[in-house]
Amino acid sequence: MNMFNRFIITLFCLLTLSAQTLALDFTQVTKNTTYILSDTQKTIRVTLDDYALAVDRDNRFFDENNNQIALHGFVSRSGVGTSITTHLKLGSIDYTLPFYKTWDLTLEPATIAIIKDQGGKRFTMQTYYESDQPIPSAFIGASINDTESPSMPQRTINLCWESCPVPATLTITSTNTFPANEKAASTIHILVANDTTATFSITENTSGFFSLSGTNNNTLTFNGTTTNYESATKSYTVKIKATTGDGDDKNTEQTITVNLVDLNDELPTAITLTGNRTIAENTRTGTELGTLSTTDADANDTFTYTSSNTKFTIDNNKLKLNTTLDYENATSLSTTITVTDGNNHTFDKIFNFTVGDIDDTVPTNILLSNVNLIKGQPANTLVGTLSASDVDTNTPLTFTVNDTTNFKIVNGNELRTNRSTTALGNTININITASDNTNDSAPQPFTIAITTTYIAAPVIAQFSVTQGENKGPLISKDGGEVTVSASAGTGTYTWSSNDFSNTSASKTFVFNPQSTNIGTRTITLKVTAGDFSSERVLKLKLVDTYPNGRTDTNGNGISDSKESGNSDNELPAGTNKKITSPGSTRILPGIMGEDSGQLTLDQLKQYRVANHLSDYTKDTLATGDIYDYIIEGLSATGASTQVIIQLATPIPANAVLRQYSLATGWRNFVVDNNNSIQSKTNTSNICTDGTWQTGLVTGATCLKLTLKDGGENDSDNQANGVIESTISITTPVVVGSSNSSGSSGGCVYHPNAPARFDTVFILLMTLSVYYLIRRRRRFSH
């Protein structure tokens with residue numbers, strides 16, 4: 001073994017020993033603490049920086065002049081908190097005992113008596129330490145790797161009886177705040193210190209409003225002539241110094257704040273009425289119409305109100321109706337409200353009101369979108385969607401059906417079966433009633449026909465939208481006329497829209513959006529062939545100006561720059577991902593996304609806000625990737641089709657497929673005879689080959705859905721040859737988790753051990769690497 005190797009081994013041993021011998025001491029907090037003793041407080045709590053054993057040894061006690069006054073141990077020593085059970089090794093002494101970092105030490109009565117007799121003074125205790133004794137210290141550390149236990153050197157603890165004397169310090173005892181009226185020429189504040197000989201001076205006077213006078217400059221004067229409470233500044237500060245000589249204990253400073261008091265010197269400038277300015281006729285006398293409030297720069301002012309029109313009365317700040325109004329006699333009325341503040345300043349304002357005509361017209365013209373069913377369908381089958389006319393109400397109508405044994409109404413306007421269609425016979429008569437929550441319509445009869453085969457209603461296969469040279473559902477206010485064409489075969493066409501005043505009975509609908517507000521706008525087409533009809537809503541995205549350079553050759557709502565081709569049955573859905581429908585169909589992005597069938601939760605929320613919809617975006621599960629798409633051109637109304645999605649993220653464990661509706665929010669995807677879920681894993685990023693498995697398979701990258709037109713998972717709720725779907729793969733929300741770990745035995749690196757041990761460990765590792773490099777170089781030669 002050469003000299004270098006001996007050096008490395010010797011250094012290793014020395015470092016190991018140093019890690020043991022330097023590893024025990026009081027924490028800095030304990031060293032800095034002064035412990036207060038009394039007749040009821042005889043125990044002190046000390047904390048070490050490593051686990052140790054407190055030993056019964058005599059400790060030395062000294063008075064404030066460093067005279068030893070006692071040599072005593074402790075009545076009791078109690079470990080506090082977490083302990084470890086390990087070895088104490090001192091020479092031949094070898095015990096397994098509990099070791100603590102924190103100890104409660106109770107002084108002997110004799111020690112307490114001696115300290116008490118000394119009076120309220122400071123004391124110190126020096127812990128026992130005799131290096132040549134078998135037990136050398138009052139605190140012994142744990143043996144590491146069967147080596148000698150480390151001992152804590154002699155340390156000093158600070159003590160006081162009942163309280164520690166504090167030298168008198170000069171302080172300013174007068175208050176540090178006082179009020180002053182705005183614009184007041186002179187406000188006086190007397191300065192007082194705990195030493196009457198103190199002299200005062202100003203050290204900081206940013207505003208220039210303060211001055212000193214009187215004996216020892218003890219009178220502080222604030223000149224607020226130019227101050228105004230209504231300005232941005234409502235308080236001012238000055239810094240005062242008191243002194244009785246040199247030294248920190250003879251000089252002190254205080255920052256004094258003057259708070260302005262508001263005077264009632266401003267006029268009221270506005271009156272606000274919080275409430276509805278439309279009063280329904282026949283509203284009873286005494287009804288509260290709103291709350292009056294006044295704008296006045298003076299804070300905490302008081303106000304009284306009067307009305308020029310006796311048809312109103314005012315109770316404190318509540319405006320109330322003082323008569324019965326009749327819409328047929330007058331459709332509006334007004335009054336002048338006068339407000340008077342606490343200083344008799346006044347302000348007038350005219351308020352106009354509209355008299356509302358009460359709802360006295362019943363709903364009429366109840367329509368049911370479908371009256372034909374086929375046998376063999378289960379309970380909860382959708383019959384059709386209900387609608388009605390009501391000329392004097394803007395609230396949603398509600399519908400009821402008389403035959404609740406066989407039918408029910410859900411989601412406000414969906415007529416569904418309560419039993420299987422086979423149990424209904426061949427025809428069944430029902431009555432539907434519509435209500436506007438004030439008036440009920442007369443019951444309107446409908447005959448539901450149940451046949452053995454499906455009689456198809458017209459399929460509204462495709463919409464084509466053009467505006468000048470631009471195609472697709474993105475249109476602009478400044479782009480001129482828009483032409484919407486429909487492919488729906490033979491039948492009667494009826495176009496309608498709440499956003500555009502035009503109507504049409506041909507296969508095209510033409511309008512100019514110039515005066516319409518931007519956002520999502522809708523057009524409804526109803527196609528009737530004989531006794532059967534289909535209805536479809538077209539959603540258009542209206543912007544101020546069409547994006548410069550954007551083209552949409554196939555009019556599917558996706559910019560050509562975002563598509564790799566113009567295949568009608570493929571839809572981009574993320575980077576190198578797509579959604580595919582059967583070749584005979586056409587797939588489009590939903591209205592909420594932008595140039596993609598993949599949708600973010602932020603886009604969904606932004607769409608809700610932009611279109612003033614109720615917030616149903618939150619789910620009880622953790623929402624994952626969202627896909628929003630429309631499949632059109634089905635072979636028949638009510639038919640089923642499939643869609644294949646290349647997933648952006650593999651399916652997680654415990655996943656749940658959820659579907660979203662703008663009207664009702666999230667719910668589980670429904671699986672039945674006409675709707676199904678399949679998935680599979682495909683590393684080649686191709687989802688059209690291989691074998692599919694039922695349900696959501698963990699780790700799968702492909703998803704295949706079977707969807708029925710007009711079924712549970714078709715969000716347009718119409719059997720019209722079109723399926724609209726918004727879905728997300730979600731996971732249960734994880735409320736929280738906890739874990740614990742432990743280890744014992746062997747050589748363990750503990751990251752929470754004292755920092756000096758970490759330093760030794762890192763140094764040892766560095767030397768080991770250096771040693772290996774030297775050996776490698778030696779053998780390479």
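Predicted model: local features only at pLDDT ≥ 70, side-chain atom pairs only at ≥ 80, totals over all residues.
Residues are numbered from 1 along each chain as its sequence is written, and side-chain values use heavy atoms, with hydrogens and water left out.

**Where Ser728 sits**

- Ser728 belongs to strand β52, residues 722–730; helices (H or I, at least four residues) and strands (E, at least two) are DSSP runs, numbered from the N terminus.
- With a relative accessible area of 0%, Ser728 is buried (buried means under 20% relative accessible area, exposed over 50%, partly exposed in between, with a 1.4 Å probe and protein chains only).

**A sheet of 4 strands**

- Strands β25, β27, β30 and β29 line up in that order as an open sheet with antiparallel pairing; two strands pair if DSSP finds at least two bridges between them.
- β25 (364–368) and β29 stand at the edges with a single partner strand each, so one side of each has no neighbour in the sheet.
- From one strand to the next, the twist averages 30° (axes are lines fitted to C-alpha atoms, for helices over the stretch in contact, and angles run from 0 to 180 degrees between N-to-C directions).
- Look at β29 (residues 407–410) and β30 (residues 414–417): they pair in the antiparallel sense over 4 bridges.
- Within that pairing, Ile409 has Leu415 as its bridge partner in β30, and Phe407 stands opposite Thr417.
- The two strands form a hairpin with 3 residues between them, and Asn411 in the turn has a positive phi of about 55°.

**A sheet of 6 strands**

- Another open sheet runs β41-β42-β46-β51-β49-β50, again with antiparallel pairing.
- Its edges are β41 (570–572) and β50 (693–694); each has a single partner strand, so one side of each is left without a neighbour in the sheet.
- Strand β49 (residues 676–680) is joined to β50 by 2 bridges, and they run antiparallel.
- Ser679 has Gln693 as its bridge partner in β50.

- Most residues other than glycine have a negative phi, and most peptide bonds are trans.
- Asn365 has a positive phi of about 55° although it is not a glycine.
- That residue lies in strand β25 and counts as partly exposed at 44% relative accessibility.
- Asn576 also has a positive phi of about 55°, and it is not a glycine either.
- You'll find Asn576 in the loop between β41 and β42 (578–580), where it is exposed with a relative accessible area of 64%.

**Salt bridges**

- The count comes to 13 salt bridges, each being a side-chain nitrogen of Lys or Arg within 4 Å of a carboxyl oxygen of Asp or Glu.
- One of them links the side chains of Asp39 and Lys116, at 3.1 Å from N to O.
- Asp39 lies in the loop between β1 (34–37) and β2 (43–54) and Lys116 in helix α3 (residues 109–117), so the pair ties together parts that are 77 residues apart in sequence.
- Asp39 is partly exposed at 40% relative accessible area, and Lys116 is partly exposed at 38%.
- Glu182 forms a salt bridge with Lys183, with the closest N and O atoms 3.3 Å apart.
- Here Glu182 is buried at 1% relative accessibility, whereas Lys183 is partly exposed at 40%.
- Lys320 and Asp315 form a salt bridge too, their closest N and O atoms being 3.4 Å apart.

**A nonpolar patch**

- Ile188, Ile190 and Val192 make a nonpolar surface patch of about 260 Å².
- Patches are made of residues with over 30% relative accessible area and no salt bridge: like charges are joined within 9 Å, nonpolar side chains (Val, Leu, Ile, Met, Phe, Trp, Tyr) within 5 Å.
- Accessible areas come from the Shrake-Rupley method with a 1.4 Å probe; for residues, only the protein chains shown count as cover.
- Val192 is in the loop between β11 (187–190) and β12 (199–204), and it is partly exposed with a relative accessible area of 39%.
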